[in-house]
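User: I would like to learn how to read the domains, the core and the helix packing of a model. Please take me through them in turn.

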Amino acid sequence: MTTLPYHAGPRLALPTPTTARAAPVAGRSPLWAVLGASAWMATVGNLALWRELAALGQLQGLRGLLLGLGLAGIVMALTTALASLLAWHRTLKPALALLLLVTAASLHFMLAYRIVIDPSMLVNVLQTDAHEAADLLSARLLATLALAGGLPVLLLWRLPLHHGGAGRQALRNLGLLLGSLAMALALLLALFQPLASLMRNHKALRYQMSPLNSVWALGSVAAQPLHGGAGVLQPLGRDAQLGPSHAAGRKPPLLVLVLGETGRSGNFGLNGYDRDTTPALARLDVASLRNVWSCGTSTAASVPCMFSHLGREAYGAREHDTENLLDVLQHAGLAVLWIDNQSGCKGVCERVPHVSTSAGTDPMLCPDGSCQDMVMLQGLEQRIAALPAERRARGVVVVMHQMGSHGPAYSKRSPPQAKRFLPECTSAQLQDCSPQALVNAYDNSIAYTDQFLAATVGWLQRQTEASTAMVYLGDHGESLGENNLYLHGLPYAVAPDVQKRVPWITWLSADWQRRSGVHTACLRQQADVRRSHDDWFHSVLGLLDVHTSVYRPEHDIYAACAAG
Ligand SMILES: [Zn+2]
């Protein structure tokens with residue numbers, strides 16, 4: 001009889017009568033599975049990284065070849081080290097399969113949109129709803145998943161493995177861990193000089209090494225509650241009171257805050273774009289700020305930060321979660337309502353009345369599962385009437401969270417009759433469209449936002465019982481193929497300006513201008529002053545004349561005009 005190295009002799013000798021299965025054939029060592037899967041992920045799974053390095057001219061000549069091979073070796077060794085922690089009898093195949101599939105999915109999105117995987121991108125993925133996911137589905141995604149993920153998973157699943165006893169598994173996994181870490185360290189030391197300068201000059205590369213990027217992002221998101229951002233919610237602005245402009249006998253304020261989605265400041269005609277994407281707003285008496293910078297480059301990063309009193313840097317370093325702008329408005333006695341036509345308010349609206357319109361059934365406004373933004377104006381009077389009467393008497397703040405220009409399906413963000421720039425890209429595979437068709441589809445979504453904002457102002461002008469105003473502020477910008485970058489969500493430090501510059505548009509009724517002393521003409525003179533999301537919290541408090549110790553006038557963009 002031939003003896004195979006990993007023959008499970010004793011078990012073969014004692015087949016239990018109830019198992020109909022054939023006796024297991026001798027399997028391969030799990031080492032093969034780990035090394036094979038790691039090598040696959042380091043090479044095929046990182047095609048986006050290799051493409052990036054090639055584009056940077058880093059893979060030329062012998063030096064380039066050695067650098068590439070060394071980096072692949074480091075990724076493979078670290079992936080092996082990771083897998084060694086999971087290389088147990090019951091866990092190895094599921095864990096490797098998961099890593100392979102995550103790597104394949106990341107590969108698709110990094111190749112298609114040149115995004116990278118960091119903690120804030122992972123939060124975006126975890127908060128994606130069914131509609132957003134459907135927009136991203138494509139034949140190419142399925143093909144990449146099948147070839148780069150499904151194929152190796154199939155091979156892995158069919159590979160018979162023999163693990164041996166628990167002691168042997170532990171010993172082998174420990175050896176694998178130490179060996180792979182030693183290998184990674186050796187390669188790192190050998191390539192330290194070129195690698196260090198490469199990573200310093202191209203910071204985004206570190207978020208492109210699969211599957212390490214996804215695992216690191218997951219770990220850092222999971223660890224978030226341990227080092228801040230959680231625990232007991234801290235109160236904020238409990239001393240908030242309405243100021244003298246709310247004197248009895250005056251009309252109560254009705255303020256609509258439109259939280260924009262993926263609005264690129266530079267694509268607004270109002271901001272000097274050479275295409276007139278905003279004719280309806282241009283006919284209204286509005287002030288548009290052209291030099292406003294976002295807190296993050298994604299909805300999940302920007303929205304909670306915008307509504308926080310802390311500002312970008314302090315928000316990132318916060319120890320606890322704190323109540324936000326909407327809570328403070330509520331503390332002041334105002335009625336607050338959040339209307340969401342997107343994937344949720346990212347926790348901001350938890351303690352105020354909120355409603356979602358994104359699952360509407362209106363055949364005109366909600367043709368294919370998601371709804372166009374005009375749906376938020378439907379039945380708005382009734383929604384406001386349902387808020388507590390004693391609060392409504394003091395004033396109402398409605399936040400409308402737009403679908404806006406959410407990509408990649410820009411063409412779905414404007415109804416057929418609103419399309420002014422043709423032909424437009426209708427594919428989620430943005431790089432398959434001509435640059436002009438892509439910009440056309442995006443600009444159509446801005447032109448629709450223009451109509452939506454003008455319609456909102458029109459609705460406010462009909463609310464004669466209140467003193468009315470509207471402020472629109474975008475959450476982040478977007479890349480439309482510049483430098484082959486698409487969508488948004490790059491780490492803030494390396495994201496291009498188009499992902500960080502956002503529109504901020506203010507419309508104040510004549511009555512509001514009188515009572516606040518803030519005149520649109522004055523605001524227009526400040527169009528080019530550098531502003532940021534840090535100013536949103538304090539500006540809304542200032543505009544509403546809400547007095548609280550957390551208000552900072554230097555962050556109130558309206559304060560200078562009010563004082564004048
Ligand atoms: Zn967004």
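Analyst: The C-alpha centres of domain 1 and domain 2 lie 38 Å apart. The domain assignment gives domain 1 as 25–225 and domain 2 as 253–563; such bounds come from an automatic or database domain assignment. This is a predicted model, in which local features need pLDDT of at least 70, side-chain atom pairs count only at pLDDT 80 or more, and totals for chains, interfaces and linings use all residues. Residues are numbered from 1 along each chain as its sequence is written.

User: How many residues of domain 1 are in contact with domain 2?

Analyst: Two residues are in contact if their C-beta atoms, placed from the backbone, lie within 7 Å. Here 23 residues of domain 1 are in contact with 26 residues of domain 2. On the domain 1 side, α5, α6 and α7 (130–136) each supply at least two residues, and α7 gives the largest share, five residues. Helices are DSSP runs (H or I, at least four residues) and strands are E runs of at least two, numbered from the N terminus. By class, this side of domain 1 has ten nonpolar, six polar and seven charged residues. Ala, Val, Leu, Ile, Met, Phe, Trp, Tyr, Cys and Pro count as nonpolar, Asp, Glu, Lys and Arg as charged, and the others, Gly among them, as polar.

User: Which residues touch the most other members of the largest nonpolar core?

Analyst: In soluble globular proteins, nonpolar side chains tend to be buried together. A nonpolar core is a set of buried Ala, Val, Leu, Ile, Met, Phe, Trp, Tyr and Cys residues joined through C-beta atoms within 7 Å. A residue is buried if 20 or more other C-beta atoms lie within 10 Å of its own, exposed if 12 or fewer, and partly exposed in between, with C-beta atoms placed from the backbone. Of the 136 residues in the largest core, A37, L257, L329, V397 and M470 touch the most other members. Helix α5 (residues 92–113) gives the most to this core, twelve residues.

User: At what angle do the axes of α6 and α11 cross?

Analyst: Axes are lines fitted to C-alpha atoms, for helices over the stretch in contact, and angles run from 0 to 180 degrees between N-to-C directions. The axes of α6 (residues 119–126) and α11 (residues 212–223) cross at roughly 80° and come within 8 Å. The two helices are therefore roughly perpendicular (65 to 115 degrees; under 35 is roughly parallel, over 145 roughly antiparallel, the rest oblique). P119, M121, L122 and V123 in α6 meet A217, L218, S220 and V221 in α11.
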